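The sequence and model come first, then the notes.

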Amino acid sequence: MNDRHLELFIQLIANNLGLHIRPQDRTALSQKIVLRMKNLNLSIPEKYYQLLEADTEQSQKEWRKLIVLLTTTESYFLRDVGQFKLLEKVILPQIIEYKNQLKEASGLNPSLRIWSAGCSTGEEAYSLAILLEKLLPDWENWNILILGTDINEEALEKAKQGIYSPWSFRLVNPGLQQQYFNQHKNEWIIEQKLVKNVKFRYGNLVKDEYPNISDDINNMDLILCRNVFVYFEAQYIALVLKKFYNTLRAGGYLMTSHAELHGQVLDQFRAIIFPESVIYQRSEVGQKEVSRMPPYIYNIGEATNNSQQELVGLDPNSSAPEKLAETEIKPTAKLEPRVSPLGEDSLLSPTLQMPVLFPISNTTETPKPLKVRELVDNILRSSDGKPEENNTVNTRQISSSLTVEKERQRAGINLLQEAEAFCKNKTYFEAIKKAEQVIDLYPHNFKAYYLLAEIYANLGKYEQAINYCHQAIQVDSLSVFPYHLLAHIAEENGDVEAAKNLLKKIIYLCPSFISAYLDLGNIYAGEGNVKRAKKMYATSCELLKTLPPDTLIEQQGKITASELLKYVKAILVKLSIQ
Ligand SMILES: C[S@@+](CC[C@H](N)C(=O)[O-])C[C@H]1O[C@@H](n2cnc3c(N)ncnc32)[C@H](O)[C@@H]1O
């Protein structure tokens with residue numbers, strides 16, 4: 001298939017699904033298209049394009065098959081502990097309280113409506129059901145809808161079956177697994193009582209109209225759309241955000257994954273920033289529950305001091321569902337700069353090292369975090385804007401927050417060290433678990449993302465490795481290591497041009513990165529481009545000479561600088577006599 005054909009398919013896919021096909025994925029895409037053409041006995045790309053473009057039943061059938069090849073359906077229970085803790089401790093209790101007030105006023109049974117948009121195999125929707133079952137002792141008296149929609153029909157089929165392998169529980173406490181699932185051989189079947197309120201349905205976020213009254217997708221209290229936009233082109237994220245806004249009830253919440261809305265204009269939403277995650281609220285106020293919320297920044301669960309256990313653990317022995325007391329969600333602040341021992345400090349700009357506090361403005365400018373003084377002033381002010389009379393309470397809260405934050409940092413360091421140790425021993429399953437826990441605590445931790453990328457690359461799971469490399473790059477776009485790993489994966493996948501571009505990018509970012517010259521030298525030598533290969537090897541020799549001879553060059557298998565220099569010189573001699 002030529003470049004022009006591929007370009008047309010890429011555009012068609014974006015228009016229909018919102019998906020962004022990255023340059024490094026083009027080869028894989030063309031292979032997938034060819035595979036589908038073979039299945040249909042088509043030999044000309046134009047014919048396949050026409051089929052997809054047509055508005056017929058056959059076209060829709062074909063899209064559904066192609067979608068299975070194009071989408072990433074990775075998911076697991078309680079994915080992102082921090083976000084689920086936020087839901088359990090703040091967002092859902094707020095919604096429940098509001099609904100209870102409505103019930104008192106109307107006398108009708110309360111309703112709760114949640115949409116897991118891009119639900120994949122259903123873990124997210126069932127995780128929400130588990131939270132609600134825990135939070136609502138009278139759950140049978142509620143009209144609950146947890147709706148999962150997706151475009152991947154195979155994933156939806158799996159979601160409807162509710163049968164999962166142990167891999168879906170990789171961050172879940174075994175007690176919870178036992179409580180809500182029944183084991184059958186090596187699989188786990190979801191409890192029937194949870195299935196009752198969870199529905200799954202096909203839905204295309206880009207093509208379908210939302211709200212959709214006939215499909216009951218309207219008036220939502222909460223929309224979760226996580227790890228979906230990461231695959232989208234920016235313009236389609238904007239399109240879907242408008243639909244989400246109109247599908248939420250006033251005061252309803254939207255949760256995406258971290259940084260997925262970066263660069264989007266969000267002037268219709270109010271961003272509420274918690275250390276665990278940002279959550280977006282449909283901005284018209286006028287609802288009692290909104291005015292009850294203290295403004296913008298919160299630390300949750302810190303008063304209870306057992307954050308990690310509470311959610312992942314969801315202690316099956318605890319009797320009544322704990323509800324966070326009003327005082328526990330008062331805003332608190334971490335006045336200490338957020339210098340993280342996990343390597344986050346060097347990655348954040350000095351202003352961002354403070355607790356971030358910015359309501360979304362209606363301008364397109366990037367909202368600026370407030371300065372410390374403003375922040376402290378805000379925190380010491382009561383919700384009606386007047387200075388708090390008794391500041392000692394807040395001071396106490398602040399100091400207790402600091403202690404909790406220190407504990408959190410310590411836990412993070414330990415987890416990362418454990419993850420690295422497991423990785424070193426090639427105990428990858430455990431290493432992944434630990435690194436994911438680090439991310440749950442510190443969603444901007446570069447090392448954890450990069451470690452996950454390395455682990456998945458070692459396991460030959462390149463799709464996940466690439467995904468984590470990109471997440472690492474999002475945290476630190478100047479680090480060359482993820483690009484280096486991406487270059488190796490591209491080479492491994494036979495995409496030599498992509499590998500070359502990545503290596504050149506590395507040299508641009510870090511002109512002294514010896515391995516990039518060596519790798520480029522090897523590629524050029526393999527292509528028979530002796531002149532360029534020699535240039536690359538010669539540059540690496542020059543750089544190696546500047547290093548103390550016993551310096552270890554990690555990326556080349558821990559060889560010393562002097563050994564590597566000898567080796568590269570020998571290659572240069574060989575190339576010169578060719
Ligand atoms: C990585 S999964 C995320 C699953 C889950 N939300 C989570 O965070 O674990 C992404 C899902 O988005 C779905 N998706 C991609 N494009 C979509 C679209 N245009 N409309 C609906 N779902 C879409 C994919 O089929 C895939 O199942």
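## A buried arginine and its partner

Arg170 is buried, with a relative accessible area of 2%; buried means under 20% relative accessible area, exposed over 50%, and partly exposed in between (1.4 Å probe, protein chains only). The model is a predicted one, in which local features need pLDDT of at least 70 and side-chain atom pairs count only at pLDDT 80 or more, while totals for chains, interfaces and linings use all residues. Residues are numbered from 1 along each chain as its sequence is written, and side-chain values use heavy atoms, with hydrogens and water left out.

The side chain of Arg170 meets that of Glu74 in a salt bridge (2.3 Å, N to O). A salt bridge here is a side-chain nitrogen of Lys or Arg within 4 Å of a carboxyl oxygen of Asp or Glu. Glu74 sits in the loop between α4 (57-70) and α5 (81-106), and Arg170 in the loop between β3 (163-164) and α8 (174-180), 96 residues apart.

Glu276 pairs with Lys85 in a salt bridge, their closest N and O atoms being 3.3 Å apart. Lys85 belongs to helix α5, and Glu276 to the loop between β9 (269-273) and β10 (278-282), 191 residues apart. Both ends are buried: Glu276 has a relative accessible area of 5%, and Lys85 one of 8%.

Glu88 forms a salt bridge with Lys134, with 2.8 Å between the closest N and O atoms. This pair links helix α5, which holds Glu88, to helix α6 (residues 123-135), which holds Lys134, across 46 residues. Glu88 is buried at 2% relative accessibility, as is Lys134 at 11%. Elsewhere, salt bridges that share partners join Glu74, Arg170 and Glu436 into one network. The count of salt bridges comes to 17.

## The chain as a whole

The chain has 22 helices and twelve strands, taken as DSSP runs (helices H or I, at least four residues; strands E, at least two) numbered from the N terminus. Of its 578 residues, 50% count as buried. Among contacts (heavy atoms within 4.5 Å) with a separation of 6 or more, residues 24 or more positions apart account for 69%.
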